[in-house]
Structures are given as structure tokens and as C-alpha cells.
Amino acid sequence: MPKRKLDPLPPAAFQILLALAGADLHGYGIMRQVADQTGGRVRLGPGTLYSSIQSLVEEKLIEEIKPADGKETDQDRRRVYRLSSAGRKLARNEAARLADVLRVARAKNILRGDYV
Amino acid sequence: MSERVYACLLRLLPAGFRDAYGADALELFRDRSRDERGLFRRLRLWNDLLFDLAISIPREYRLARSTPSGPRASSDFGTIPSFDVLAADRIHPTSLLLGSMLTTLALGALTILSSHVSTRLGEGPSVSSKHSVNARYDPLGAVASPQGSGTSDTPAEKVFKAWLLAFNSADPSAMTAFTKLYDPTGKMGMFISPRFRISTGGFEVLSMTSPQPMSVHFCIKEVNSSTRGLGSIRVNPTATPTVAAFNVDEVPPDAVITEIKLDATERHRVIKGTIETLNEYYVWPAVAQQMAATLLAHERNGDDKAETDGGFFAAMLTAQARSVSHDEHLRVMYKPFKTPESASGGPTPEEVAHYREAMVRNNCTFEEVHILPHNIGYLKFSAFPDVDVCRSTVTKVMKSLRHADAVIFDLRDNHGGDPHMVALMCSYLFDHRTHLNDIYDRHENSTQEFWTSSPIPGNTLANKPAYVLTSADTFSGAEEFSNDLKNLNRATLVGETTAGGAHLVQERRIDEHFSIQVPFGRPINPITKTDWEGTGVAPDVTVKSDAALETAERLAATRVKGLKPESQ
């Protein structure tokens with residue numbers, strides 16, 4: 001079902017990739033990690049979170065981890081997600097792109113100072 | 001109860017999405033409800049959820065609609081006109097109604113509550129306080145809503161006049177109000193600082209022209225002296241025009257202003273002169289060749305063709321060259337008056353005299369020098385000015401801190417200067433001659449060593465704890481100061497990674513209007529054998545630059561108390 005577009009990468013999806021770069025997490029874990037890494041600025045609501053997760057899974061940028069013993073108990077039915085190597089690569093490219101933007105922004109600034 | 005409400009609201013999402021993630025969304029709601037207690041956090045939770053649904057519902061339906069129709073999409077609606085629900089199970093009309101009502105009610109309640117809470121807690125901008133700000137700051141208010149002839153002002157003229165009123169009012173709050181409204185990115189620098197207002201006495205406008213609605217060229221004169229400045233302001237074409245670029249150059253007293261209109265021949269001559277200078281002097285010859293190729297390619301493409309304005313043409317060449325080198329020290333410059341060719345290639349005697357006078361007036365850029373609680377010396381300065389001009393000021397400043405138990409150098413707004421001055425300032429922190437830095441000159445193919453001139457007679461700071469405050473704006477020579485002391489383990493750097501400009505520059509003349517500030521040399525740290533071009537100098541203690549002083553004060557106070565156990 002290739003229907004969702006990740007090009008350009010939406011900020012929410014990028015934040016999720018970054019959250020998963022550190023550890024495998026379930027949905028709520030991702031939401032908290034994103035809140036942490038953005039200083040509380042971004043709190044992903046369930047709709048945005050799972051919609052982004054769905055797109056990322058479809059594009060194979062993250063994958064759902066199957067429970068180790070293959071059975072799902074009612075107690076532990078949370079789905080845990082892991083960053084795929086394609087996802088890691090995309091996150092790296094996006095970070096590099098943002099770094100470029102930052103560099104241009106700095107260059108446009110009139111930084112005076114004569115180191116003479 | 002609230003879980004059931006949210007479960008109902010979730011039914012507004014398309015069935016496909018709900019089947020896949022509905023349970024997870026509900027689980028997440030439970031997790032957050034468990035963790036986020038108290039009125040404020042609850043309100044925030046519901047605010048997040050409703051906002052999220054308001055965005056997600058239309059998006060999911062849009063996505064569901066664009067899905068290639070599977071068996072579910074071609075369901076039993078047939079040809080009967082109907083809502084395109086695209087769901088296995090239809091949304092029951094009562095759910096829809098209930099959902100809409102609840103959303104409306106919740107949003108209404110939230111609005112009332114949040115305004116109530118923010119007024120009570122005094123947080124968030126309330127309308128009444130905004131009004132009082134405008135009412136109090138007359139100068140800005142007058143320009144923000146121009147009357148009479150003012151209504152025909154272009155956006156750039158409006159901002160320029162607002163700046164002049166705020167600056168000349170000498171009222172710090174008017175300046176803050178101007179910055180907030182028109183200059184959120186801080187392009188005006190010291191031109192909107194109360195201190196600069198005091199030293200200049202304000203400005204008179206001698207002339208003003210508007211070549212385009214978004215830019216103004218002007219000539220201004222300091223009230224306190226005969227110093228004239230020639231500058232331009234460019235604003236963004238936004239609803240409230242904000243400053244995109246601001247630039248003022250001092251005009252030598254006897255200069256005759258002759259604005260020129262560039263043609264293709266003159267443009268080509270400037271490009272050719274720029275390329276020759278870069279090839280001869282730029283610190284990395286291979287990069288110089290790449291920049292030359294880029295400048296020529298832009299000229300061939302006709303990218304420069306329409307530019308007849310000297311200042312904007314210089315800015316254009318600067319941007320083209322920097323797009324390859326990313327070297328923020330490199331700058332092509334234009335002056336709307338003829339500059340004489342001095343025999344030595346260095347500054348003319350008039351320029352030196354002018355510089356000296358400006359430094360005396362600005363206290364060699366030392367903005368603050370005082371003793372903080374716990375006997376911590378603090379000095380903030382915005383440049384490392386020429387050592388020959390400012391040596392006596394530095395001696396005085398450092399002498400005033402001689403009884404301090406620790407010292408904080410605030411370089412957060414420091415944009416560099418003379419490497420000899422960097423060495424002189426460092427000298428106060430050592431009791432013996434110390435190798436700080438080397439500078440490699442590409443044109444001469446030579447390396448100059450920089451050492452401290454320690455010990456300095458009467459100095460008592462050589463063994464005292466030292467802290468350097470840095471920000472992402474700390475640039476050039478200020479980065480060298482930070483880098484030198486960091487690598488010698490002589491100071492603790494507190495703040496942000498610096499801007500990343502290491503090269504040394506000199507101004508080379510292209511013709512009587514144009515010159516280029518060309519990076520000709522690079523530092524080599526004797527310990528790391530590297531420089532910080534493009535990377536910046538990383539702090540030892542990373543905090544936002546706003547919090548750097550507070551953090552350093554705390555560190556210094558702890559350290560000072562530790563060193564003197566007999567004091568409380």
C-alpha cells in the first residue's frame with residue numbers, strides 16, 4: 001500500500017527516526033523520547049505518531065519487532081519499533097541537509113569581525 | 001470516563017487506520033493519563049489530543065481516499081449518493097454528532113480555561129499588556145501606525161524611520177520594542193543599543209533614497225561628532241517588514257560621495273580583480289581556483305547582469321564566493337566614495353587616526369568591567385582591537401581586576417580582531433612565556449609564532465581560575481582566545497560551540513570603489529596542529545549562551561570557595 005509520502009521528510013517522521021536511533025521503543029516510548037530530545041517542544045499526538053509510524057513501516061525505514069518467543073500475551077501487546085539501516089541512512093542524510101541549511105543561514109548573516 | 005470520550009473520538013478516524021493503530025492510540029492515551037496528572041498537564045493532554053485529531057482526521061481520510069481501491073473501498077454504497085466513508089463499518093450518525101458536540105464543547109472549555117489560567121499565572125501574552133507596551137513606547141507607536149505623510153512610506157522607509165525614532169529616543173524599552181517588532185534576528189547589532197546611543201548622541205539623517213520598496217540607502221551623521229556614516233537597510237517582504245540586512249560604513253571626513261551605476265565593463269573589472277586577488281592571496285589556492293570558476297560561471301550565465309548597485313553587487317560576489325568556500329571571513333566590499341591608493345597597501349594615516357579616535361570613544365570595545373559577588377572579576381568586550389591603539393586601556397582594565405579571585409571573559413558577542421591583542425590578553429593568565437598559536441601566511445609561505453608576554457609586572461591573575469563565555473556568534477580572534485586557553489587547560493569554556501571562522505584577513509584594493517577582505521592566513525594550534533575553520537571551538541561546559549554567565553558564576557564561586565577553605 002505505497003500511499004504515504006516521505007519526501008520531503010516531515011519533521012515528525014524525522015524526530016521518530018532520531019528517537020529510535022538510540023533504542024528500540026514502543027509508541028509511548030517514542031512520544032516521550034521525542035518530547036525529551038526537543039525539550040518538550042514537540043509532543044506527538046497519537047494520530048500523528050501512528051500515522052508517521054505507519055508511513056515509516058511501509059517505507060521500511062523502521063520495522064516492528066516481533067516478540068522473541070513468537071507469542072503475544074495480552075499483558076505485553078505493545079508493538080516495539082526498531083530503526084532499519086535504510087532509516088538510519090535517511091536520518092543521517094536529513095541531518096546533513098539541515099546542517100547545510102544552517103551553514104547557509106550563518107553565511108547569510110552579516111558576521112563582522114576582522115581577524116587581522 | 002475520559003478514556004471513553006477519547007475512544008469515541010477515535011471512531012472518527014477511518015476504519016483502516018483505527019483497526020491498525022486504534023488500540024495503540026488508546027494505550028498511549030492511558031499511558032499519558034497515568035503520567036500526566038494535575039489540572040495544567042491534563043489540559044495540555046486534551047489540548048494535544050484534540051489538536052492532533054483535528055489534523056489527523058482530515059489527513060487520514062485524504063490518504064484513505066487516495067488508496068487504490070481494495071475490496072473495502074468498493075463496498076456496498078453502490079451508486080447511491082453518500083458520504084465517502086471508505087470504512088468497513090460506517091460511522092454511526094450519533095457517534096458523529098456526539099463527537100462533533102464533544103469536540104466543540106471541549107475546545108470551548110479549553111479556550112476559556114486556558115485564558116483563565118494564563119491570566120491567573122501571569123504567563124502568556126495577554127492583550128491588555130500588549131497595549132500598554134505600545135502605549136508606553138511612544139516613538140515606536142507613532143511609527144508603527146504612521147499618520148499623515150507617513151502613510152506613503154515604503155516598508156523599508158517605515159522600518160528605517162522606526163529605527164531612527166527608537167534609537168534617538170535613548171529609551172532602552174523603545175529599542176527593545178523595535179527589536180521585537182522589526183528586528184527579531186538581531187541584524188541591527190549595536191545600532192539599537194543604548195550604549196551606542198550614548199556614545200554617538202544619536203543620528204541625524206543627511207540624505208535618504210529608496211531605490212526599491214524593500215531597501216533604503218542613507219547617509220547619517222553622529223550628533224556628538226562630525227562622523228558620517230553611509231549605509232543601507234533591506235527588509236523582508238513580510239506583513240510586518242523585518243530587517244533582512246543592515247550596514248553602515250563610516251565615511252572619511254573629506255570623502256566625496258559619488259554613487260556609481262555599474263555597467264558590464266565595470267562589473268567585469270571587479271570580478272577580474274577579485275579573482276586575481278583570490279588567486280594570489282587566498283589561504284587555500286585550490287579553493288581560490290574553485291571560487292574563481294564559480295564567479296566566472298555566474299558572469300557567463302548573466303546572473304550579475306541586472307545589478308547596477310555597487311553595494312548589492314559586492315554582496316552578490318561575496319555570496320557567490322562563499323557558496324564554494326563557506327568562508328565567512330571573505331567579503332567583497334563597496335564604498336560609494338573614492339578611496340586613495342595608499343603606498344604601503346595598508347591603511348592610510350587618516351584611516352589609522354580615525355580608528356584610534358573611534359576606539360577611544362568606545363573604550364576599546366570594553367563594555368562591562370566589574371567585580372561580581374564572591375569577588376569574581378568579569379569583563380565583556382566585543383572585539384580584540386589593535387594592540388598599539390588599545391594597550392593602555394587593556395592595562396587599565398586588567399589592573400582594575402587585580403584583586404579578583406577568579407576571572408570571567410565574556411566573548412559571547414566578540415567578533416575577533418588583532419591576534420597580537422589575543423596574545424596580550426592571554427598574557428595575564430600565565431606566569432611564564434607560553435606558546436599560544438602559530439599563523440601561516442600563504443602568500444609569504446611563512447609561519448609566525450605567537451607567545452604570551454608573561455609575566456606581566458604587577459599582575460596577580462596568572463594562577464586564578466579563568467572562565468570564557470562563548471556563543472554561536474563568538475567569531476574569529478575570539479575563537480582563537482578560547483581555543484588557545486582551552487588547549488593549554490588554562491580556562492574553562494562555558495556556553496555554545498563558536499561560529500567557526502579561523503582565517504586571518506587583510507583588505508586588498510580592487511579599484512577606487514571596490515576592495516576585498518581576503519583570508520590570507522590560517523592559525524595552527526601548536527598542540528593540536530589544527531584550526532577551527534568550519535567547526536568552531538567546542539565549550540567544556542555546554543549551556544545555552546543566555547545561561548553561560550550564570551553557569552560560569554556558579555562554577556567560579558564553588559571553585560573560589562574551595563580554594564579558600566577558611567572563608568565560609
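At roughly what angle do the axes of H15(B) and helix H16 (residues 477-487) of chain B cross? The tour of this predicted model starts there.

Select H15(B) and residues 477-487 of chain B, which form helix H16: the two axes come within 9 Å and cross at roughly 40°. The crossing of H15(B) past H16(B) is right-handed. Now show the side chains. On H15(B), pick B:Pro419, B:Val422, B:Met425 and B:Cys426; they meet B:Gly477, B:Glu480, B:Phe481, B:Asp484 and B:Leu485 on H16(B). Six residues of this contact are nonpolar, one is polar and two are charged.

From H14(B), select B:Val387, B:Cys390, B:Arg391 and B:Val394; their partners in H15(B) are B:His420, B:Met421, B:Leu424 and B:Met425. The contact of H14(B) with H15(B) has six nonpolar residues, one polar and one charged. B:Met425 takes part in this contact and also in the one with H16(B).

Finally, move to chain A and colour by secondary structure. Chain A holds four helices and three strands, in the order α-β-α-α-β-β-α from the N terminus. Of its 116 residues, 31% are buried. Among contacts in chain A with a separation of 6 or more, 58% join residues 24 or more positions apart.

Methods: Residues numbered from 1 in each chain as written. Chains lettered and ligands numbered in written order. Predicted model: local features only at pLDDT ≥ 70, side-chain atom pairs only at ≥ 80, totals over all residues. Contact = placed C-beta atoms within 7 Å. Helix = DSSP H or I, 4+ residues; strand = E, 2+ residues; numbered from the N terminus. Nonpolar A, V, L, I, M, F, W, Y, C, P; charged D, E, K, R; others polar. Buried ≥ 20, exposed ≤ 12 C-beta atoms within 10 Å, placed from the backbone. Axes fitted to C-alpha atoms, helices over the stretch in contact; angles between N-to-C directions. Left-handed = near helix turned anticlockwise from the far one by under 90°.
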